[in-house]
Amino acid sequence: MDTIRIVGGNKLSGEVSISTAKNSVLPLMASTILCGDKCIISNAAMLEDVFVLGNILKSLNMDVQIDENSKRVIIDSSKINNTDPKNELVKKMRASFLIMGPMLSKFGHFKISLPGGCNIGTRPIDLHLKGFSALGADITIGHGFVEAKAKKLKGNKVYLDFPSVGATENILMAAVLAEGETIIENAAEEPEIEDLARLINSMGGKVIGAGTETIHVIGVKNLKGTNHKPIYDRIEAGTFMIGAVLTKSKIQINGINEEHLKPIIAKLREMGVIIEIDNCILRINGDVDLKPVDIKTMPYPGFPTDMQAQITGLLSTIKGTSVITETIFENRFMYVQEMNRMGANIKIDGRSAIIEGVEKLTGAEVKATDLRAGAALILCGLAAEGETVVSDIFHIDRGYHNIEEKFQNLGANIERI
Ligand code: EPZ
């Protein structure tokens with residue numbers, strides 16, 4: 001199994017370009033089921049999850065070509081001939097549940113393996129299924145599968161108990177070809193949902209208010225193929241920003257959207273970090289005195305849970321006490337043991353991590369427990385004294401494309417073994 005080896009202490013310098021967002025490319029790919037035509041997603045991040053979803057769509061008899069050179073994902077859904085995807089593929093990736101809504105909308109049916117929990121939480125899909133029922137689908141769960149049937153979906157009002165990203169995306173996609181209007185209230189407002197609505201509207205759909213807490217979807221009869229360029233990955237950008245501050249470096253990050261990064265920029269500035277924005281270029285200077293802060297993860301536009309581990313790594317090196325509270329997932333501190341093995345001083349108290357800043361971290365052999373935890377351990381390794389070896393990096397490859405090469409180009413002593 002590959003590992004990533006880092007010798008810490010190097011300052012970073014130069015520029016890094018951000019890829020497009022995993023959490024956008026996946027729902028965009030799923031939504032192509034709706035149009036029964038050819039779509040091109042350009043400049044797509046060539047991530048493990050993108051290939052897994054590509055194979056799941058192929059198992060529905062969709063034509064999927066993923067061209068690593070041009071970074072184009074070309075999908076033709078005109079020949080779909082079944083609505084129960086290959087189970088062993090679905091089990092590989094939680095986000096495969098994003099095909100439920102488009103299949104129900106297009107074919108009035110899906111049968112899919114129930115996603116299990118993952119390291120960060122139980123992650124049920126009850127809100128997705130409640131939304132589908134509200135649009136008139138009959139849902140049955142049994143033998144580890146969930147099946148939904150509907151002669152004709154009908155638009156309806158759906159109030160989400162929690163602004164779930166996945167449930168908002170799935171119900172939005174289910175409503176696109178339904179009869180009449182659907183109103184999703186207390187919807188998630190993440191930028192990836194706005195991006196999804198942009199693609200669906202360019203296919204001929206009618207989605208209004210994506211990116212706000214109330215989304216209106218006016219059902220249409222047909223859609224056509226389209227081309228789409230996804231948004232940049234705000235979490236990848238945030239990860240490199242933390243890398244710069246942890247190593248007390250000045251770097252430039254190309255391909256950002258300031259609006260999407262607001263909660264991260266605000267917290268780093270509160271710590272004392274200097275950040276300048278020039279259109280889609282961000283210059284960050286982490287070679288400054290820093291002060292501890294408290295953070296609570298929240299749905300967008302609050303502080304993203306997908307940045308929680310990375311910023312905890314940074315706070316573990318800042319003198320004083322910081323408290324970080326995780327409100328989205330119930331089990332997203334698995335990495336703390338590993339960070340404490342690197343000399344951090346972090347205690348867990350319920351859904352909060354109490355962080356006492358230490359003078360320096362020391363290199364160690366550590367294990368990635370999930371995608372963002374893995375990225376955080378790499379960042380700590382860049383700042384730590386001596387050698388760090390991160391194992392189980394398959395988690396990291398799911399959401400970061402060639403992360404070690406990007407840091408090598410910034411002057412880090414890092415390699416994949
Ligand atoms: C998306 O997951 C992202 N994944 C996650 O990114 C991200 O952490 C999360 O949104 C929150 O921002 C993708 O976009 C592919 P949710 P999703 O539904 O849609 C509970 C990463 O690192 N919930 O907003 O699964 C759920 O258990 C990943 O890139 C229900 O209770 O997240 C969780 O506690 C990790 N019932 C909370 O809501 C439901 O039916 C938020 O989940 C649905 C969700």
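Start with the aromatic pairs: the count comes to 3, where rings of Phe, Tyr and Trp (its six-membered ring) pair if their centres lie within 6.5 Å. Planes under 30 degrees apart count as stacked, over 60 as edge-to-face and the rest as tilted. Select Phe 240 and Phe 407. Their ring centres are 4.4 Å apart and their planes stand at 25 degrees, so this pair is stacked. Phe 240 lies in helix α8 (residues 234-246) and Phe 407 in helix α14 (residues 403-409), so the pair ties together parts that are 167 residues apart in sequence. Helices (H or I, at least four residues) and strands (E, at least two) are DSSP runs, numbered from the N terminus. Both Phe 240 and Phe 407 are buried; buried means under 20% relative accessible area, exposed over 50%, and partly exposed in between (1.4 Å probe, protein chains only).

Before moving on, note that this is a predicted model, in which local features need pLDDT of at least 70, side-chain atom pairs count only at pLDDT 80 or more, and totals for chains, interfaces and linings use all residues. Residues are numbered from 1 along each chain as its sequence is written, and side-chain values use heavy atoms, with hydrogens and water left out.

Next, select Phe 333 and Tyr 335. This aromatic pair is tilted, with 6.4 Å from centre to centre and 55 degrees between the planes. Phe 333 counts as buried at 11% relative accessibility, and Tyr 335 is buried with a relative accessible area of 1%.

Show Lys 111 and Phe 145: the charged end of Lys 111 sits over the ring of Phe 145, 5.2 Å from its centre. The rule for this asks that NZ of Lys or CZ of Arg be within 6 Å of the ring centre and within 35 degrees of the ring normal.

Go back to helix α8 and pick Thr 239, which is placed there. Thr 239 counts as buried, at 0% relative accessibility. A polar atom of its side chain lies 2.7 Å from the backbone oxygen of Ile 235. This is a polar contact, meaning a pair of N or O atoms within 3.5 Å; within protein, one must be able to donate a hydrogen and the other to accept it, and residues adjacent in sequence count only if both atoms are side-chain atoms.

A side-chain to side-chain example is found at Ser 352, in strand β20 (residues 352-356). A polar contact of 2.8 Å joins the side chains of Ser 352 and Thr 325. Ser 352 is buried, with a relative accessible area of 14%.

Now colour helix α10 (residues 308-315). Of its 8 residues, 8 are buried, so this helix is largely enclosed by the rest of the structure. Among them are Gln 308, Gln 310 and Thr 312.

The loop between β17 (295-296) and α10 holds Pro 301. A cis peptide bond joins Tyr 300 and Pro 301, with omega about 10 degrees. Most peptide bonds are trans, and most residues other than glycine have a negative phi.

Two residues with positive phi come next. Asn 43, in the loop between β3 (38-41) and α2 (48-58), has phi near 55 degrees. Asn 43 is partly exposed, with a relative accessible area of 28%. His 143 also has phi near 55 degrees and is placed in the loop between β7 (138-142) and β8 (145-149). At 82% relative accessibility, His 143 counts as exposed.

Finish at the ligand. Which residues are closest to the ligand? Asp 126, Ser 164, Asp 306, Ile 328 and Arg 372 are, out of 22 that surround it; a residue is near a molecule if one of its heavy atoms lies within 4 Å of it. The shell divides into 11 nonpolar, 5 polar and 6 charged residues. Here Ala, Val, Leu, Ile, Met, Phe, Trp, Tyr, Cys and Pro count as nonpolar, Asp, Glu, Lys and Arg as charged, and the others, Gly among them, as polar.

Show the contacts to ligand oxygen atoms:

- Lys 22: a side-chain N or O atom is 3.1 Å from a ligand oxygen.
- Ser 164: a polar side-chain atom lies 2.6 Å from a ligand oxygen.
- Val 165: a backbone N or O atom lies 2.8 Å from a ligand oxygen.

The ligand taken alone exposes 830 Å², and the protein buries 88% of that; accessible areas come from the Shrake-Rupley method with a 1.4 Å probe, and for residues only the protein chains shown count as cover. Elements that give two or more residues to the shell are α1 (22-31), α5 (126-134), α6 (165-175) and α12 (371-383). The largest share, 3 residues, comes from α5.
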